[in-house]
Amino acid sequence: MNSASMEVSKGADRDFYIYSRHFNPTVLNLGRQIAAMEGTEAAYCTASGMSAIASVLLQLCSSGDHIVASSCLYGGTHALLSHFFLRACSISTTFVDIDDLQSVQSAITGSTKVLYFEAMSNPTLTVADIPALVQIGHENGLTVVVDNTFSPLLLSPARMGADVVVHSVSKYISGQSDIIAGAVCAPARLVSEMMGLQQGSLMLLGPTMCPTVAFNISGRLPHLALRMREHCHRALIFATRMQSLGLKVIYPGLDDHPQHRLLKSMANEGYGFGGIVSVDLETTAKANKLMHHLQNLSRFGLMAVSLGYYETLMSCSGSSTSSEMTKEEQQSAGISPGLLRMSVGYTGSVEQRWRQLFDALVALNLVAEGSHWKDRE
Ligand SMILES: *Cc1c(COP(=O)(O)O)cnc(C)c1O
């Protein structure tokens, strides 16, 4: 394969394909589907969510550059920014409270290239004010990169001005917890840069998507909307009922969630407020007890760190998905040791599932016997 023949294959539309790390028709097709979903000019698919995040940031930043990022991030992303980038390529990051627009502004320096945050963050379900953050980013000449893993279809960050949207396709988009995959949705220019033969992070580091994975995901995207609606519908019911029983529930669909109105103002019609509900049970022991009961006695769901599966998945974030963070970092990100995250599934009927959950809460004395729940008015 000589470089002249590789040059011929440049560009989004091509008549032939040379080698699938560069371009593959099935992977390109999935990229078009995902770009259409997010409203970006182009998208390219990666081997994992982490590789989507790492490749796009390595394309946008060089040694000595700086990133301003939310302090509440997926554990792997947090470790990548706070440790790996700093050691491997001297790209430094300042973590800020993304709700505090003033602190976002103040963290920007002359070497800042990227503003990075999650549209809905893991696991405290903080919702980012995307239009306001885009404005700050653009006024300072930054590229705004948003991880939309928790809210596909529900939120469209690029339609609110974000430059790049990244996904862990392994979660809702896959829907089956069987595939590890990712996507970078971006302007065509940036996607071609990432595929460049001399300086392209995706091309040269090599985490492009396997075509059989792309084939699988292409067949699941058409029913993502149906799945998201049902995840969100059930999450709102469970969150409302658990809160009415006196539990400390964190869910953006509840009126007392700090970004409830913000989310309403940004969300696409008909998708509700997300499929993840967190319940703060205060101690790890209580959270573990409830998870064990629900999985092993009630057969309500499964203990697993992933999300977006058709069954409910439960994890204690502090000791699982956010365990890359120190106790102090967890505390400042609002992750209590008893925070139980539920990715609400859609098998069985709503009432059958609720009965299992309610009975477990009563059996473990987390709510008093004879308690009554209320639905939303
Ligand atoms: C899972 C996840 C990632 C990492 O994705 P992988 O596909 O596991 O590499 C990144 N961001 C968020 C929000 C995630 O939930």
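A pocket is, on a 1 Å grid over the protein atoms alone, an open set of points where a 1.4 Å probe fits, with protein on both sides within 12 Å along at least five of seven lines; lining residues have an atom within 4 Å of a point. The model is predicted: local features need pLDDT of at least 70, side-chain atom pairs count only at pLDDT 80 or more, and totals for chains, interfaces and linings use all residues. Residues are numbered from 1 along each chain as its sequence is written, and side-chain values use heavy atoms, without hydrogens and water.

**Exercise 1.** Describe the second largest pocket.

Solution. Step 1: its volume, the space filled by probe spheres set on the points, is about 280 Å³. Step 2: 20 residues line this pocket, and Gly49, Tyr74, Ser168, Ser170 and Lys171 are the closest to its centre. Step 3: helix H3 (residues 49-60) gives the largest share of the lining, three residues; helices are DSSP runs of H or I with at least four residues. Step 4: by class, the lining has seven nonpolar, nine polar and four charged residues, with Gly counted as polar.

**Exercise 2.** Classify the ring pair of Phe358 and Trp373.

Solution. Step 1: rings of Phe, Tyr and Trp (its six-membered ring) pair if their centres lie within 6.5 Å; planes under 30 degrees apart are stacked, over 60 edge-to-face, the rest tilted. Step 2: the structure holds seven aromatic pairs. In the pair of Phe358 and Trp373, the centres are 5.0 Å apart and the planes at 65°, so the pair is edge-to-face. Step 3: Phe358 belongs to helix H14 (residues 350-363) and Trp373 to the segment after H14, so the pair ties together parts 15 residues apart in sequence.

Note on methods:
Helices (H or I, at least four residues) and strands (E, at least two) are DSSP runs, numbered from the N terminus.
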